[in-house]
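Hi,

Here is the structure I promised to pass on. Have a look at it first, and my notes follow below.

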Amino acid sequence: MPPIKSLKHLADLTETSYRDLRKIITRQSPEPYKVFRIRKKSGGFRIIAIPDESLLKVQQWIYRHILSQAQPSPVSYAFQKGKSIRDAASVHCGCRWLIKLDLYNFFGAISEIDVYRVFYSLGYQPLIAFELARLCTRLGSLTAFRHRHRWEIEGNSTIISQYQGQRMGHLPQGAPTSPALSNLAMVAFDRKIMNLAAEEQLTYSRYADDLSFSTPLTSFSRELAKAFIHRVFRLMRTYGQSPNMTKTKIITPGARKIVLGLLVDGEEPRLQKSVRNHIRQHIFYLNHSDVGLQKHAQKRGFLSTDGFKAHLDGVLSYVHDIDPSLAQNYRHQLADVYRLV
C-alpha cells in the first residue's frame, strides 16, 4: 500500500486541496455529496449520494492505489474484476436445498469504525486510518436506525479537537470507494459464516447483500435450515447488519432453484424464460409499425430514446455474462431496428 504520512501528504498525492479535505473530515457544511432517492422495484427508496468533484477525485485515488490492491474473502463475488453473477450462481448448481438471505440497508449499516478497521488492517497508522475512513463515509440524517447506540461515538479520544463528534458516518451508496470497502469490511463476517456453513456441509456465496447457501445432501431438512438461519441472523447482528426478513427463503427439493436471477437446477446457470421474453417483447414493439422506438420508450416510462437504449444495453450486458451467443443474436436484431429509426 502507498505510504501516507499525513493529511497534507494525501492532499499532495491526490492533487486536491488540504483545506477541502480537512473540512470533509471535520464534517463541516456544506455536505460534499449530492443526495437523491431512486425507487426500488421491491418497494421503498434507495438513497444515492454522489461525491462532489474534489471528494470524488480523492476517493478515486484511494480506490485505485489502496482498495483495489486488497483482497476480499473468496466467497464474495460482487464489485470485483474477474468475478460475475454467473460465478456466484455456479457454485450452487445441482443443489437439492437452497437458502436465500438478504442484508437490510447493506451499505448504510457499514459504519465509520468498520471502515477505519479496514484501513488500519492494511497497515495505516491510527490517525491516517481515521482520516481515510472519514473521507470515505458520510454523516447521514438522524433516522430511527441511526439513533441506535452503535452510531454514537463514546468519548472523544482523538488528539485533534476538530475531529471530535457525537455520531459516526456510514458508507454512502454512490461513492467509488464504497463497493470495495463493503467487501473488505465484511471479510471477518464472511469467514465466520463460511465456518458456520461448513459445519452443516453448506456451500456459501455472497453477492453484496445477497447471501446464498446450498447443499446436495438428501439428509438436509427444513428444521436444519431454520436452525441454521437463526444462527446466521445472530452473526449478522454481531457485525452490525440486519436481516431483510421479507427476502428470507428456504427452497426445498423439487422447487425451482434461482440464485441472483439465474436458474441453478442444472449443471450450469441459465437465464430465466422471463428475461428472454422481456427482451423479445421489446424487439417486437420496436419492430411494430404502430409503435416503434419513440412510442415504446415513452410507454415504458423513459424520458428519451437514449435512456431506453441505455437500459436495454444494460440488460443485454447482463445476458452476455450468462449466454454470449444469445446476447449477440439480440444485438443484431436491435441493430437492424435502430437503423430503420
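At roughly what angle do the axes of helix α5 and helix α6 cross? Before the answer, a word on what you have: this is a predicted model, in which local features need pLDDT of at least 70 and side-chain atom pairs count only at pLDDT 80 or more, while totals for chains, interfaces and linings use all residues. Residues are numbered from 1 along each chain as its sequence is written, and side-chain values use heavy atoms, with hydrogens and water left out.

Now the helix pair. The axes of α5 (residues 112-121) and α6 (residues 126-135) cross at roughly 130° and come within 8 Å. Axes here are lines fitted to C-alpha atoms, for helices over the stretch in contact, with angles running from 0 to 180 degrees between N-to-C directions. α5 and α6 are therefore oblique to each other (under 35 degrees counts as roughly parallel, over 145 as roughly antiparallel, 65 to 115 as roughly perpendicular, and the rest as oblique). Their crossing is right-handed, meaning that the near helix is turned clockwise from the far one by less than a right angle.

As for who touches whom, α5 brings E112, V115, Y116, F119 and Y120, and α6 answers with P126, A129, F130, L132, A133 and R134 (contact means heavy atoms within 4.5 Å). By class, that contact has nine nonpolar residues, two charged ones and no polar ones (Ala, Val, Leu, Ile, Met, Phe, Trp, Tyr, Cys and Pro count as nonpolar, Asp, Glu, Lys and Arg as charged, and the others, Gly among them, as polar).

E15 is not a glycine, yet has a positive phi of about 55°. E15 sits in the loop between α1 (7-14) and α2 (18-25), and counts as exposed at 63% relative accessibility. L260, also not a glycine, has a positive phi of about 55°; L260 lies in the loop between β8 (258-259) and β9 (262-263). With a relative accessible area of 21%, L260 is partly exposed (buried is under 20%, exposed over 50%, partly exposed in between, using a 1.4 Å probe and protein chains only).

Finally, the whole chain. There are 13 helices and ten strands, taken as DSSP runs (H or I of at least four residues, E of at least two) and numbered from the N terminus. Of the 341 residues, 42% count as buried. The C-alpha atoms fill a box of roughly 65 × 60 × 35 Å along the principal axes.

Cheers
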